[in-house]
Amino acid sequence: MRLPAREQAELAGQRLYHFHGGLQLRHYKKISCQLPLGRSKLPPRLYVPLLPHAGAQAHALVVQGQAVLKGQPIARYELPQAGLLHAPTSGTVTAIAPHPISHPSGEEGMAVIIEPDGRDLWCKLQPMEQWQEADPELLRQRIAESGIVGLGGAVFPTHIKVNQARDKGIHTLILNGAECEPYISCDEMLMREQPQRVVQGALVLQRASGARRIIIAIEDQMGEVWDFLEAAIESSGANHIQLVKVTNIYPEGGEKQLIQVLTGLEVPEGLRPADLGLLCQNVATAAAAAEAVIDGKPLIERIVTITGKGVKRPANLLALLGTPISNLIEQCGGYSQDAARLLLGGPMMGYALPSDANPVIKAANCILVLTHADVASEREELPCIRCGECARVCPAVLLPQQLQWDLRHGLFDDAAKHGLNACIECGCCDLVCPSHIPLTQWFRFGKSEGRIQTEEKKTAELARQRFEARELRLASIQQNRDKRLEEKKQNLQKQFVQQEKITAVLQRVAQRSAQPVLQHSDAAPVADPPDSIQPRDDESS
Amino acid sequence: MTRTFATADAPHIPATSSVASVMQQVLYALLPGIAAHCWYFGPGILLQIVLAITFALVFEAGMLRIRQQPLRTHLLDFSAVVTAVLFALCLPPLVPWWIAMLGMFFAIVIAKHLYGGLGHNVFNPAMVGYVVVLICFPQVMTQWLPATAPDSWTVGLWDSIITIFSGQLALPVAWDAVSQATPLDTLRTGINAGLTVEEIHNSVIFGDFGGRGWEWIANWYALGGLWLLWRRIISWQVPLTMIGSVVLLGLLAYLIDSGSNPSPMQHMFSGALILGAFFIATDPVTGCTSNRGRLLFGAGVGVFTLVIRRWGGYPDGVAFAVLLMNMAAPLIDRYSVPRYYGK
């Protein structure tokens, strides 16, 4: 028997399900787990990008020359995001100027440039000691003020998700520790080194969102991480937290896929996990939330995996936001001889940066340097042979080859009908395509182009409606006018007939009296002909 | 010191396969079947394969040139070679050389390139080529040799070469003296002449479960096909439903009237059914793409094959059945789109 979706979602984690497709990739995670978690050195300058998030622009709250303290807000997002950016260390704002900002486009953007004073002085922090009893609204506010965003790479503002969860009334909080992209190990390192923080974060988010249950999902190849988390749960007395091991199939760490594995449910199109009673957060996000609520510290640093065969000593570093990537690479022994490509994120979904002057941002879970041997050599693209491998591996159960045809022919509506917007851009189809068609690239293009076209269509539709309304209005004005003219004409005709009758009577009278005829000089109709009447142009009626 | 890097789009891991490697694996998978074919019917088939590949590549190169496509990439994608080999495997081993030329002309020039080249053709090129020569030259296309072990081949290598290139049998006897009808042909004419299947089966051209020789060639093709399945080059849906529908319907007919309907084993192991199920109907370009579509496609090919064998004008119907289903594939694809995530 099939339970209603929400009820089935309540059974999350009781048994594990499969999601469609996916790939088993070599994960290369050990490379960056050889050294313990380090801390990045303070660079001579920090560059905090004023990156737009989810459509909201960031506005600097500081000016050039201003002294800032560590943790002090330096930029605010426009509503509705209302997030904040904070100074990663104490020092002076030397400029707010264009600089590489680690954007996927590779373009420069405005950044707050801070010269550290080396003292690393915190602004006044407000730790919340009684957070376990505090009003959940306070917790949510603190999360918003601390600039917490999803640290798994999507950087969606956490407070918005938590607010949605509160509004929908969720039952289960899922902490996502399934770091499925190859090479990335920052979440694993966090759970290894600070399991206590992760557990605290889970409890903070539980209180803030009103969830009854907590599931922490990790990958089966993470070894001792399980024991560390188990011990942390034990010592914090939060025995209701359930640990779950999921198999290492890419892209299992995707929110939709993880939910499917834990509940057997798909998040219906147009709905959010909160509609199923679920809140999914990355483990690092939870740890950051704990830091924000319990210690009062805003999000100013994150663990970054610096790895790949292009780096001499791969490691995980706790890095201040705004630290130039070149500094981190230097700390990891520099580039190896054949470094060829610098990525922010993993090899499947990460994006290539044009230079290492780009700074660490909140989304920077991994700095991956690939060698010439790693990266795809330029192989010629052939036409699709419709082998269907792409459909076999697609976690969104799409037919990528069909979508590709739609997009090549500009059929954006058809592509949308075939589910283009369900594509999570995981890149599985690209990897298995024997014709080397850049499918994911097509889908990214199709989504943005489709959005633009939808917008244009909306505008055109609106214009059409306006035009039709105007036509209708003008027609009704004309109709009124015609009616009025018609009435006038009939009146005049009536008058004319009457006048004629009068004339005839007068004539008869005159004839009868056989007197010299008395002529009426004004017997003719008096009105102008109707077509000489000026129409009144009253569009406002 | 900042360092700059060349950028590229995600994903940043090289693709795991290529069209060329897919095609090469199909060719490898055909090797056991080709060897078996050679064992029973002599070396003629090897010559036909060489001829067909040569003509295929010549026509392919010519068409690529005319269409201003990159020669090297497409010649090395091995798709034309696969077409050529599949075509050659359908031929009687000693047909004259121009059969391969004509077949490949229709396969490569007409069926493939005039429809837009690799990936765009509606009809399976190898089957188009085969059907054209089958319809145009029915006499030549039925000159099969008896299946025998190599020690009793009637036509050796040298005689085969002479026969193929001269178009005349190189032996001092008439064609009728060496050629023999295929098992399916024998069945057909037998049943039409009013014989029962059992009586027909007493003929020497039938083996243990199919046609003599043919049954083993089919087995070796199946082995190659299973390897392709394991390598995930082909999907299981088409072979399963194609063979399944023939076996089920064949069994039904056999149970109803075993006198005029051969057993399903005969159907499977006498003609091109196994070759078709694993190598021809599984052609991705001209088949269906969704899994449900592939189930239907395979079943359709199976049913049409049986119908043609039973009521049609040709003893074997695989080629026609594949072409018929090629026509239906776009429609099936349209109505078998899977439900995507969250819909």
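Here are a few friendly notes on the predicted model above.

1. First, the ground rules. Residues are numbered from 1 along each chain as its sequence is written, and chains are lettered from A in the order in which they are written. In this predicted model, local features need pLDDT of at least 70 and side-chain atom pairs count only at pLDDT 80 or more, while totals for chains, interfaces and linings use all residues.

2. Have a look at β14 of chain A, residues 315-320. Strands here are DSSP E runs of at least two residues, helices H or I runs of at least four, numbered from the N terminus. Five of the six residues in β14(A) are buried (20 or more other C-beta atoms within 10 Å of a residue's own, with C-beta atoms placed from the backbone).

3. β14(A) pairs with β13 of chain A (residues 301-307) in the antiparallel sense, over six bridges; pairing takes at least two DSSP bridges. A:I303 stands opposite A:L318. With β1 of chain A (residues 38-39), β14(A) pairs in the parallel sense over two bridges, and A:G38 has A:L317 as its bridge partner.

4. A:V304 is among the residues with the most contacts inside the largest nonpolar core, which has 251 residues (buried Ala, Val, Leu, Ile, Met, Phe, Trp, Tyr and Cys joined through C-beta atoms within 7 Å). Helix α1 of chain B (residues 19-41) gives this core its largest share, 10 residues.

5. Beyond its neighbours within four places in sequence, A:V304 has contacts including A:L317, A:A319 and A:C186 (C-beta atoms, placed from the backbone, within 7 Å).

Conventions. A residue is buried if 20 or more other C-beta atoms lie within 10 Å of its own, exposed if 12 or fewer, and partly exposed in between; C-beta atoms are placed from the backbone. Two residues are in contact if their C-beta atoms, placed from the backbone, lie within 7 Å.
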